[in-house]
Amino acid sequence: MSQLSMYAPIEQAILAEYFGRCIPNLDDELDWWEVDPQHPQCIKLEPDAWDGSDQDKAIANAVARIALARVQKSLPQFAICGPNSIEFGRDITNAPSRQVEVMSRHLFTIDWAMTAPGISWPEAYYLTWLPGVDRWLVTSSRDTPEVGGYCDLALGYFGSDKEPLEGAGLVIGGYWCDQYIDYDQQRWELFFEAGLVSIEMASEWADEVWNSAEQLRAIS
């Protein structure tokens with residue numbers, strides 16, 4: 001696990017758990033939920049918006065935050081302006097310093113629904129090559145933690161044997177399919193912004209997911 005040495009000990013353990021690697025030999029007293037005094041800026045597990053501590057979700061969130069640390073200000077953000085203060089949907093933190101920087105690329109951003117004037121549900125997808133892990137990671141980011149308890153989640157990963165956009169399409173398509181099956185999620189309403197993925201490509205992925213799902217529903 002020496003490849004993970006660029007990450008702080010807690011981050012090494014979290015990444016090893018998520019990517020199915022052997023967890024490195026670390027201090028037995030190291031708590032993944034607590035600040036490590038030796039590495040106070042490192043990314044640790046955080047409870048969800050309702051103080052829940054589901055470890056699998058917390059790990060998916062922490063892995064996403066490791067990947068997205070350098071692009072936080074580009075992620076969807078929600079703000080409520082009060083008479084004396086402004087409340088934001090996501091917190092912006094200082095990115096940990098690393099020997100090799102982790103850089104994410106924006107794939108595209110959609111809006112699931114316009115539920116009221118000025119109220120939308122954007123979700124941005126990013127692709128990150130994680131050095132040391134040597135895997136492509138696909139993440140989703142929303143502007144508040146109201147859905148799922150976290151703003152950012154790791155959706156899945158793949159190796160260098162796949163073309164980046166091919167692998168990203170498979171991961172995102174699988175995520176959309178799960179949303180449909182588990183929550184009867186309808187197709188997104190609006191394509192907000194293109195990155196590496198165009199509106200045409202994202203629409204093709206959506207067609208495949210929702211058309212297939214509707215066909216299966218009709219048969220059953």
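## Exercises on a predicted model

Aspartate 152 and arginine 90 form a salt bridge, with their closest N and O atoms 2.8 Å apart; the term covers a side-chain nitrogen of Lys or Arg within 4 Å of a carboxyl oxygen of Asp or Glu. This is a predicted model, where local features need pLDDT of at least 70 and side-chain atom pairs count only at pLDDT 80 or more, while totals for chains, interfaces and linings use all residues. Residues are numbered from 1 along each chain as its sequence is written, and side-chain values use heavy atoms, with hydrogens and water left out.

### Exercise 1

Find where aspartate 152 and arginine 90 lie, and decide whether each is buried or exposed.

*Solution.* Start with the positions: aspartate 152 belongs to strand S6, and arginine 90 to the loop between S2 and S3, 62 residues apart. Helices (H or I, at least four residues) and strands (E, at least two) are DSSP runs, numbered from the N terminus. Next, accessibility: aspartate 152 has a relative accessible area of 6% and is buried, and arginine 90 is buried at 6% relative accessibility. Buried means under 20% relative accessible area, exposed over 50%, and partly exposed in between (1.4 Å probe, protein chains only).

### Exercise 2

Describe the surroundings of serine 141.

*Solution.* First place the residue: serine 141 sits in strand S5, and it is buried at 0% relative accessibility. Then look at its side chain, which makes a polar contact of 2.7 Å with the side chain of aspartate 152. Such a contact is a pair of N or O atoms within 3.5 Å; within protein, one must be able to donate a hydrogen and the other to accept it, and residues adjacent in sequence count only if both atoms are side-chain atoms. Finally, leaving aside neighbours within four places in sequence, list its contacts (heavy atoms within 4.5 Å): among them are Leu68, Arg90, Cys151 and Asp152.

### Exercise 3

Trace two further salt bridges, those of glutamate 11 and glutamate 101.

*Solution.* Take glutamate 11 first: its side chain meets that of arginine 98 at 2.7 Å, N to O. Glutamate 11 is in helix H1 and arginine 98 in the loop between strand S2 (86-88) and strand S3 (104-116), so the pair ties together parts that are 87 residues apart in sequence. Both glutamate 11 and arginine 98 are buried. Now turn to glutamate 101, whose partner is arginine 70, with the closest N and O atoms 3.0 Å apart. Here glutamate 101 is partly exposed at 35% relative accessibility, and arginine 70 is partly exposed at 41%. The whole structure has 6 salt bridges.

### Exercise 4

Work out what helix H1 packs against, and which core it contributes to.

*Solution.* Begin with burial: 8 of the 10 residues of H1 (residues 9-18) are buried. Those buried residues pack against helix H2 (55-68), strand S4 (119-130), strand S5 (135-142) and strand S6 (152-158). Then consider the largest nonpolar core, which has 28 residues; Ile14, Leu15 and Val63 are among those with the most contacts inside it. The elements giving two or more residues to this core are H1 and H2. A nonpolar core is a set of buried Ala, Val, Leu, Ile, Met, Phe, Trp, Tyr and Cys residues joined through side-chain atoms within 4.5 Å. To finish, check valine 63: leaving aside neighbours within four places in sequence, its contacts include Ile14, Leu15 and Leu137.
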